[in-house]
Amino acid sequence: MTELRNVEADLAQFRTRVLTAGLAVLVAFGLLAARMVYLQVMRHEDLLAQAESNRTAVLPVVPNRGQILDRHGRVLATNYSAYTLEITPAKVEDLDATIEELGQLVDIQPRDKRRFRKLREESRSFDSLPIRTRLSDEEVARFTVQRYRFPGVDVRARLLRSYPNGEVASHVIGYIGRINQREKESIEEWPDEEQANYRGTEHIGKLGAEQSYERELHGITGFERVETSAGGRAVRSLANTPATPGNTVVLAIDIQLQKLVEDMFGERRGALVAIDPRNGEVLAFVSKPTFDPNLFVEGIDTENWKALNESLDKPLLNRALRGTYPPGSTYKPFMALGALELGTRSASTVINDPGYWMFGNHRFRSHGDGGLGAVDMYRSIVKSSNTYYYSLANEMGVDTMHDFMKPLGFGQITGLDLKGEVRGVLPSTDWKRSNYKRPEQQRWYAGETISLGIGQGYNNFTMLQLAHAMATLANGGIKYTPHLTLATENVVTRQRSPLGASAPVNLGYKRENIDVVLRAMQGVTTEGTSTRVFAGAGYESGGKTGTAQAVTIGQKDRYDARRLEEHQRDHALYLAFAPVNNPRVALAVVVENAGFGAAHAAPIARRVFDYLLLDQYPNPEDLKAVQLGHAAAPIGTPLKASAMPWPPLTPLTSPATAP
């Protein structure tokens with residue numbers, strides 16, 4: 001029998017399949033349409049940006065770093081353009097072989113390789129690192145022809161930092177260097193806006209004004225959108241937002257005065273700070289020895305770093321800011337002021353100075369066996385009586401001295417606009433309890449108070465603190481925060497914004513008490529320990545010599561510099577202000593291990609005053625005598641300071657470091 005098919009059933013089944021297939025196709029096209037609507041309508045802007053980013057790249061445009069100038073507009077830090085040969089280690093297969101082959105095209109010295117290795121240790125593998133800076137045009141041409149042989153190596157035009165005055169004022173100006181890993185981690189914690197401003201930036205201020213005014217000097221980063229090829233190379237610029245150069249920072253220091261002071265120190269170590277007491281402007285901020293900041297710009301090589309870091313003279317130490325010294329007899333005028341203000345003694349109180357002072361069975365020495373005899377306050381400063389201040393310290397007590405000296409800035413952070421200032425030590429019973437562990441060490445002994453009166457014992461202050469206190473005293477007890485910076489200047493608008501000025505603080509001293517002390521300090525220069533130094537000066541000044549012990553000498557021993565190592569000899573100090581009637585400058589100076597303040601420190605102060613008040617500059621013979629500690633009053637005819645050439649006729653930088 002033949003089985004008959006059910007046509008109607010087959011047709012129904014066919015129609016169902018067609019309908020199902022049609023619905024499937026319809027759904028599929030619906031999904032495609034929906035996806036197309038989603039991509040082209042809903043995500044249009046996002047995908048357009050992605051497509052654009054695949055075709056283009058946004059590159060940061062690093063701004064030109066701002067200049068640093070002195071108060072007269074002389075350039076202390078600037079930029080210059082140069083070609084740099086750079087390697088990206090992550091893109092180089094055999095780094096050592098590549099460097100050797102590059103050395104056949106350009107001159108790569110061993111110090112360049114050492115510096116490159118040091119930079120590599122501090123950087124990421126995909127950072128572009130310089131192997132040679134300041135390429136000549138010929139070297140650039142030789143490399144460009146052979147560039148195809150060196151993937152990951154390129155020549156770039158860079159703006160490099162330059163310090164045209166070399167070692168002069170290096171501790172004040174500071175230097176910049178490549179951002180290290182620790183600094184990169186610190187930047188990552190900044191607000192997003194500040195982080196964005198440092199994209200592409202490879203250098204940052206490391207010390208001095210370069211560090212303290214980093215934000216002002218850096219500028220605002222710009223951005224450039226470029227079209228790129230499939231290989232990632234820029235083809236053409238599509239749009240750009242130019243970078244805004246950093247502001248110019250104008251310092252209060254006079255660089256010619258700064259160099260003069262550094263020259264007067266010669267090969268000796270020490271520091272000098274000169275302040276205008278009327279406003280707190282720092283006119284000179286000297287630390288000797290100095291160093292060449294140009295060595296640090298692209299990373300200092302191991303050899304130079306070792307020489308600086310291991311030198312016994314510690315050229316990297318900013319002695320004016322971070323070096324602390326016993327003030328010696330320069331402390332006596334402030335002790336005298338304290339006695340007057342607190343009513344401990346009057347100016348007419350007479351103390352007998354037999355050349356020593358007894359405390360129990362202990363003998364504190366003063367002026368040898370002869371002594372000074374009857375001494376009042378005026379004579380105690382002019383002739384620098386130790387006995388007078390031994391007894392005064394005993395009467396006042398350590399905590400009373402601490403409380404009086406603290407507002408003057410001793411043992412305190414002055415607030416100078418330079419990072420890294422140290423506090424020093426202004427001793428008190430609380431200080432000793434906090435700084436010593438054993439109970440017997442924490443106890444304050446009455447005998448420890450005595451030597452504080454002559455600026456010895458635990459007293460340790462910076463030259464900045466001494467100059468600050470001197471400026472406050474010379475200004476009638478009105479204190480200004482010292483500042484190194486006068487203003488910033490916008491390089492686009494040329495508009496200046498004053499910086500650093502602070503509101504004066506009146507410490508409330510009685511004018512008659514201040515006059516007693518300042519008159520005695522004037523007597524030091526006319527009939528006291530610095531008379532020979534200030535003989536014939538065309539102005540009246542006040543000062544106080546000081547000799548501070550670097551090591552303790554037994555009471556039964558006599559000080560003999562010839563029997564001591566150089567670094568064990570006394571420090572020479574001088575504190576001064578001028579002119580007497582209207583002080584325009586106050587200073588503190590220390591010459592380490594030099595001996596007597598009148599012989600080594602006061603002559604430097606005299607010539608600073610001559611420069612600022614009389615427009616005088618020491619002649620070569622006089623300058624040499626000051627350097628050797630053989631000068632008192634100026635020798636011969638001084639030169640006219642305003643007529644001295646700048647830069648000096650003698651080059652400030654060596655060919656190896658000059659830009």
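First, some ground rules. This is a predicted model, where local features need pLDDT of at least 70 and side-chain atom pairs count only at pLDDT 80 or more, while totals for chains, interfaces and linings use all residues. Residues are numbered from 1 along each chain as its sequence is written, and side-chain values use heavy atoms, with hydrogens and water left out.

**Stop 1: a surface patch**

Select V37, Y38, V41 and M42, which make a nonpolar surface patch of about 410 Å². Patch residues have over 30% relative accessible area and no salt bridge; nonpolar side chains (Val, Leu, Ile, Met, Phe, Trp, Tyr) are joined within 5 Å, like charges within 9 Å. Areas come from the Shrake-Rupley method with a 1.4 Å probe, and for residues only the protein chains shown count as cover. V37 sits in helix α1 (residues 7–42). Helices (H or I, at least four residues) and strands (E, at least two) are DSSP runs, numbered from the N terminus. V37 is partly exposed, at 44% relative accessibility; buried means under 20% relative accessible area, exposed over 50%, and partly exposed in between (1.4 Å probe, protein chains only).

**Stop 2: salt bridges**

The whole structure holds 35 salt bridges, each a side-chain nitrogen of Lys or Arg within 4 Å of a carboxyl oxygen of Asp or Glu.

Show E86 and R156: their closest N and O atoms are 3.8 Å apart. This pair links distant parts of the chain, with E86 in strand β3 (residues 75–87) and R156 in strand β5 (residues 153–162), 70 residues apart. E86 is buried at 3% relative accessible area, whereas R156 is partly exposed at 35%.

Next, pick R319 and E592, a salt bridge with its closest N and O atoms 2.7 Å apart. R319 lies in helix α13 (residues 319–322) and E592 in the loop between β23 (585–591) and α23 (597–600), so the bridge ties together parts 273 residues apart in sequence. R319 is buried, with 4% relative accessible area, and E592 is buried too, with 12%.

Then go to E395 and R345, whose side chains meet in a salt bridge (2.8 Å, N to O). E395 is in helix α16 (residues 386–396) and R345 in the loop between α14 (332–342) and β13 (351–353), so parts 50 residues apart in sequence are tied together. To see a network, select E86, R156, R158, R178, E202 and E298, which are joined by salt bridges that share partners.

**Stop 3: an enclosed helix**

How many of the 11 residues of α14 are buried? Colour α14 and you'll find 9 of them are, so the helix is largely enclosed by the rest of the structure. Among the buried ones are F334, M335 and L337. Just after α14, check G343, which takes a positive phi of about 75°.

**Stop 4**

Zoom in on K288 and P289: the peptide bond between them is cis, with omega near 0°. P289 lies in the loop between β12 (282–288) and α12 (302–309). The bond from A578 to P579 is also cis, with omega near -20°.

Finally, select S384, a residue other than glycine with a positive phi, near 60°. S384 is buried, with a relative accessible area of 9%. R494 has a positive phi near 65°, but R494 is exposed, at 57%.
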